[in-house]
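Here is a friendly walk through one model, from its ligand shell to its helix packing and its domains. Have the viewer open and follow along.

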Amino acid sequence: MGNVLTRREFLKVGSAGLGFGFTASALRAQESKETVKPLRCGFIGVGGRGTALLRNVLQFQDVEIVAICDITPPNLQRALDLVEKARGKRPDAWGDGPYDYRNLLRRDYLDCLVIATPCNWHSIMYVEALNADMHFYGEKPLAITARGVKWIQTTREQHPEVVVQIGFQWGANRARAHVIRRVQEGAIGELIEGRFHRYNRWGSLGRWLDDRRLSGDWMLEQAVHEFNLMWWVTQTHPLAAYTVGRAHVVAPDNPKRDVTDFYTTILEYPAGLIVHYAHGWINPPGFTGMSTRFIGTKGALDVLGNYLQLRGQKEPLKGEGPGGDTREHLRNFFDAVRAGEPKMVYCGIENGVAASYVGLLIRKALDEKRRVTFEEMLNDPQDLPPLPAA
Ligand SMILES: NC(=O)c1ccc[n+]([C@@H]2O[C@H](COP(=O)([O-])OP(=O)(O)OC[C@H]3O[C@@H](n4cnc5c(N)ncnc54)[C@H](O)[C@@H]3O)[C@@H](O)[C@H]2O)c1
């Protein structure tokens with residue numbers, strides 16, 4: 001290679017003086033001094049979520065948006081306009097067919113990517129990004145079939161240095177990390193029960209989200225956020241699940257909507273922990289809400305509330321540390337890219353794997369109307385998600 005730098009070497013030189021051991025806050029201090037070389041970032045998919053991510057990234061002066069790819073022209077134009085207005089320079093535009101993103105992966109001038117495409121695209125795009133040694137922030141879920149998850153895991157083993165952040169932005173909250181650490185140290189004793197639910201409003205989001213083959217269904221498209229919390233706290237996976245639920249309730253006249261309108265699942269974890277989770281779209285005003293709680297022998301944890309409540313005590317113990325959501329999650333990704341440190345991310349591929357596997361277990365139990373074990377889910381032969389012809 002002579003004196004040609006790899007992308008990773010280039011980033012390290014570009015961030016001169018920021019060796020190992022530096023912190024994210026040190027990086028932010030550097031950022032404000034404008035001494036760091038900007039990271040050149042591309043986007044694939046700038047619909048609802050991609051645009052929200054783009055608006056956040058535009059707040060980082062040390063990140064340039066140099067290329068955007070989207071196959072829906074109005075979405076592409078909107079994103080290009082946004083960047084041009086904010087930065088005075090229009091990124092390169094891509095989107096000539098569903099596989100044009102491959103040209104982005106080939107471009108040497110990119111340091112990293114943000115990918116926010118519909119779920120059926122995740123496994124192939126993530127595998128190809130890994131194979132291209134391209135750092136990426138990829139939206140959840142990791143994949144919507146067990147084969148898709150394994151494909152990414154195998155590819156990841158061959159590219160351990162690629163920085164990957166999965167879009168579980170709840171993982172960026174440091175007060176939450178603090179209370180979860182306390183629980184893992186035994187603050188609430190042995191975990192006995194998990195009480196989880198997400199009651200969305202009554203309705204349909206339309207588009208690909210109504211189509212199970214494209215979204216994976218709600219236990220993959222949406223509830224993986226909660227499953228990532230379960231993984232974060234327990235650091236293990238359920239042994240088995242039993243699920244019941246119904247489709248065609250919200251839009252009975254629309255045969256194209258085949259996602260599950262509501263379901264309830266029981267997850268059996270090791271050591272007697274039982275987690276129940278209810279999820280649905282059949283909630284009139286006043287009936288929506290979420291619960292992300294664990295009960296232990298000595299107290300309880302409210303995960304999204306960031307506090308513990310010990311038995312016999314009046315006051316809750318609140319998590320200490322800064323909050324954090326999408327912006328901090330993205331910031332953590334770019335800091336890890338600069339550092340060339342895949343382990344620095346809040347939610348890496350292992351989070352994506354763990355959360356997707358819970359979704360897949362629940363979906364298989366629902367479809368087969370029986371208790372399904374984790375091993376049975378792992379061996380599910382279902383094909384990779386459908387994609388358009390190249
Ligand atoms: N982390 C979160 O809280 C959160 C919130 C919403 C959505 N999401 C996730 O973000 C992803 C996108 O969801 P959305 O709501 O933005 O969907 P969307 O339909 O609004 O946007 C998807 C975009 O991807 C583009 N696209 C599709 N195939 C493409 C291809 N082959 N090449 C280039 N562009 C392509 C579409 O044209 C569209 O603009 C999903 O995985 C979803 O689960 C995450």
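## Around the ligand

The residues in the shell around the ligand split into 10 nonpolar, 9 polar and 6 charged. Keep in mind as you look that this is a predicted model. In total, 25 residues surround the ligand. The closest of them are Gly-45, Gly-47, Arg-49, Thr-72 and Glu-139. Helix H3, residues 48-57, supplies the largest share of this shell, with 3 residues.

## Two helices packed on H13

Next, turn to helix H13, which spans residues 349-368. Two of its packing partners are set out here.

| Helix pair | Angle between axes | Axis separation | Handedness of crossing |
|---|---|---|---|
| H11 and H13 | about 115° | 8 Å | right-handed |
| H7 and H13 | roughly 165° | within 10 Å | left-handed |

Let's take H7 to begin with, the helix of residues 146-158. How do H7 and H13 run, roughly parallel or roughly antiparallel to each other? Their axes cross at roughly 165°, and an angle over 145 degrees counts as roughly antiparallel, so H7 and H13 are roughly antiparallel to each other. On the H7 side, the contact is made by Ala-146, Val-149, Ile-152, Gln-153 and Arg-156. H13 answers with Ile-349, Val-353, Ser-356, Tyr-357 and Leu-360. By class, this contact of H7 with H13 holds 7 nonpolar residues, 2 polar ones and 1 charged.

The other partner is H11, residues 224-234. H11 passes H13 in a right-handed crossing. Its contribution to the contact consists of Val-224, Phe-227, Asn-228, Met-230 and Trp-231. From H13 come Asn-351, Ala-354, Ala-355, Ser-356, Val-358 and Gly-359. The contact of H11 with H13 has 7 nonpolar and 4 polar residues, with no charged residues.

## How the domains meet

Finally, zoom out to the whole chain. The domain assignment gives domain 1 as 7-170 + 327-348 and domain 2 as 174-322 + 354-378. Between the C-alpha centres of domain 1 and domain 2 there is a distance of 28 Å. How many residues of each domain are in contact with the other? The contact involves 13 residues of domain 1 and 20 residues of domain 2. Looking at the side of domain 1 that touches domain 2, you will find 11 nonpolar residues, 1 polar and 1 charged.

Conventions:
Residues numbered from 1 in each chain as written. Predicted model: local features only at pLDDT ≥ 70, side-chain atom pairs only at ≥ 80, totals over all residues. Axes fitted to C-alpha atoms, helices over the stretch in contact; angles between N-to-C directions. Helix = DSSP H or I, 4+ residues; strand = E, 2+ residues; numbered from the N terminus. Left-handed = near helix turned anticlockwise from the far one by under 90°. Contact = placed C-beta atoms within 7 Å. Nonpolar A, V, L, I, M, F, W, Y, C, P; charged D, E, K, R; others polar. Near = placed C-beta within 6 Å. Parallel < 35°, antiparallel > 145°, perpendicular 65-115°, else oblique. Domains from an automatic or database assignment.
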